[in-house]
Amino acid sequence: MAVEYTHEEQLQDAIKTLRETGVRITPQRQAVLQYLIEHHTHPTADEIYKALASQFSNMSVATVYNNLKVFKETGLIKELTYGDAASRFDFDNSNHYHIICSECGKISDFHYPRLDEVESIAEHITSYAVTHHRMEIYGICPECQSKKKK
Ligand code: ZN
Ligand code: MN
């Protein structure tokens, strides 16, 4: 049975983690964190800025980005890089994979634990000391599929 882990509890735990590593919690910082917890859309710094700017007169894309860097350094969030495109940020730092819509750019999560084995297989075959792996799946999301049908 899954135990409900509310957004508020996630926020309080994240704040606790930040405090323990000596990070000061400003209202802006807390708002960025809260946005990431409530929106599993893998937003860019720019998207977060646009959503929150009206609440903070002194907010800029640069301050949002700096906050994201701090969260990343404490291991709270993951940064997803896709070539030259802007980085996206993911509050879920569990091992999971992403499927990306080629039409609208939406990114959805899925888990596939069986793939963990690929690291030990790669290590065994190549004698490299494997650190991590990444994989992305591309396709057309359900929303874009139904738009096409119309
Ligand atoms: Zn789509
Ligand atoms: Mn994700």
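Start by selecting helix α3 (residues 45–52), where A45, I48 and L52 are buried; buried means under 20% relative accessible area, exposed over 50% and partly exposed in between, with a 1.4 Å probe and protein chains only. Those three cover an arc of only 65° around the axis, which puts them on the same side of α3. The arc is taken from the directions that run from the helix axis to the C-beta atoms. An α-helix has 3.6 residues a turn, so residues three or four places apart point the same way. Now show the neighbours: the buried residues of α3 pack against α2 (27–38), α4 and β2, with contact meaning heavy atoms within 4.5 Å. Helices (H or I, at least four residues) and strands (E, at least two) are DSSP runs, numbered from the N terminus.

A word on what you are viewing: this is a predicted model, in which local features need pLDDT of at least 70 and side-chain atom pairs count only at pLDDT 80 or more, while totals for chains, interfaces and linings use all residues. Residues are numbered from 1 along each chain as its sequence is written, chains are lettered from A and ligands numbered from 1 in the order in which they are written, and side-chain values use heavy atoms, leaving out hydrogens and water.

The structure holds 2 aromatic pairs; rings of Phe, Tyr and Trp (its six-membered ring) pair if their centres lie within 6.5 Å, and planes under 30 degrees apart count as stacked, over 60 as edge-to-face and the rest as tilted. Select Y65 and F89, an edge-to-face pair with 6.1 Å centre to centre and 80° between the planes. This pair links distant parts of the chain, with Y65 in helix α4 (residues 61–73) and F89 in strand β2 (residues 85–90), 24 residues apart. Y65 is partly exposed at 30% relative accessibility, whereas F89 is buried at 3%.

The other stop of this kind is Y97 with F110, a tilted pair at 5.9 Å centre to centre and 35° between the planes. Since Y97 belongs to strand β3 (residues 97–101) and F110 to strand β4 (residues 107–110), the pair ties together parts that are 13 residues apart in sequence. Y97 is buried at 8% relative accessibility, and F110 is partly exposed at 26%.

Donors are N, O and S atoms within 2.8 Å of the metal (3.2 Å for Na, K and Ca), and water is not among the atoms, so sites may look incomplete. D90 is buried at 5% relative accessible area, while D109 is partly exposed at 33%.

Move on to ligand 1, the zinc ion. C101, C104, C141 and C144 each give an SG donor, lying 2.2 to 2.4 Å from the zinc. The site is tetrahedral, with angles of 102 to 118° among its 4 donor atoms; four donors count as tetrahedral if all angles lie between 85 and 135 degrees. The spacing along the chain is C-x2-C-x36-C-x2-C. Colour C141 and C144 by accessibility: C141 is buried at 9%, and C144 is buried at 7%.

Finally, zoom out and colour by domain. Domain 1 covers 7–81 and domain 2 covers 97–149, with bounds that come from an automatic or database domain assignment. The C-alpha centres of domain 1 and domain 2 lie 25 Å apart.

How values were computed. Tetrahedral: all angles 85-135°; square planar, octahedral: opposite > 155°, others 65-115°.
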